Amino acid sequence: MKNKFTLELSDVKAIAAAAEAEALKNNWAVTIAIVDDGGHLLWLQRLDGAAAISAHIAPAKAHTAALGRRESKVYEDIVNGGRTSFLSAPDIKGLLEGGVPIVKDGQCIGAVGVSGVKSTEDAQVAKAGIAAIGL
């Protein structure tokens, strides 16, 4: 039997605080979503000025990154590369850059999804959050 790492509330709070700090440092109005390894929402934070739609997009990006165990940008690139049939994949909605898996010792333990600014900036905020827990 294998052991499984899981995010604890203290981890989620640390990720959220660091992601928020990165967004505020750059004056980016974003929504930050954190999910567990099954894509279940653990945290949702919409910063002042973030568009309402970002509260739907950020969790979708996080969900996709957690279930796929890779950055959501991979899926965006697949679709942009012409494989539009991938849009019919079940339960995958966040096919835009900005969802980043949280990986510890090769295991995906969750993901962060960010929405509200350019996709590369969304990913930057997500990665800053993950870095706060040393991953």
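Author: Two aromatic rings, from Phe, Tyr or Trp, count as a pair if their centres lie within 6.5 Å. Keep that cut-off in mind for this predicted model.

Reader: How many aromatic pairs does the structure hold?

Author: There is 1 aromatic pair.

Reader: How are the rings of Tyr75 and Phe86 arranged: stacked, tilted or edge-to-face?

Author: Look at the angle between the planes. Under 30 degrees counts as stacked, over 60 as edge-to-face. The planes of Tyr75 and Phe86 stand at 15 degrees, with ring centres 5.3 Å apart, so this pair is stacked.

Reader: Which parts of the chain does the pair tie together?

Author: Find each residue's element. Tyr75 sits in helix α3, residues 73-80. Phe86 sits in the loop between α3 and β3 (99-104). The pair therefore links parts that are 11 residues apart in sequence.

Reader: Are Tyr75 and Phe86 buried or exposed?

Author: Buried means under 20% relative accessible area. Tyr75 and Phe86 are both buried. Across the chain, buried residues make up 41% of the 135 residues.

Reader: What share of the contacts joins residues 24 or more positions apart?

Author: Count contacts with a separation of 6 or more. Of these, 63% join residues 24 or more positions apart.

Terms used. Residues numbered from 1 in each chain as written. Predicted model: local features only at pLDDT ≥ 70, side-chain atom pairs only at ≥ 80, totals over all residues. Heavy atoms only, no water. Buried < 20%, exposed > 50% of the residue type's maximum accessible area, 1.4 Å probe, protein only. Contact = heavy atoms within 4.5 Å. Phe/Tyr/Trp six-rings, centres within 6.5 Å; stacked < 30°, edge-to-face > 60°. Helix = DSSP H or I, 4+ residues; strand = E, 2+ residues; numbered from the N terminus.
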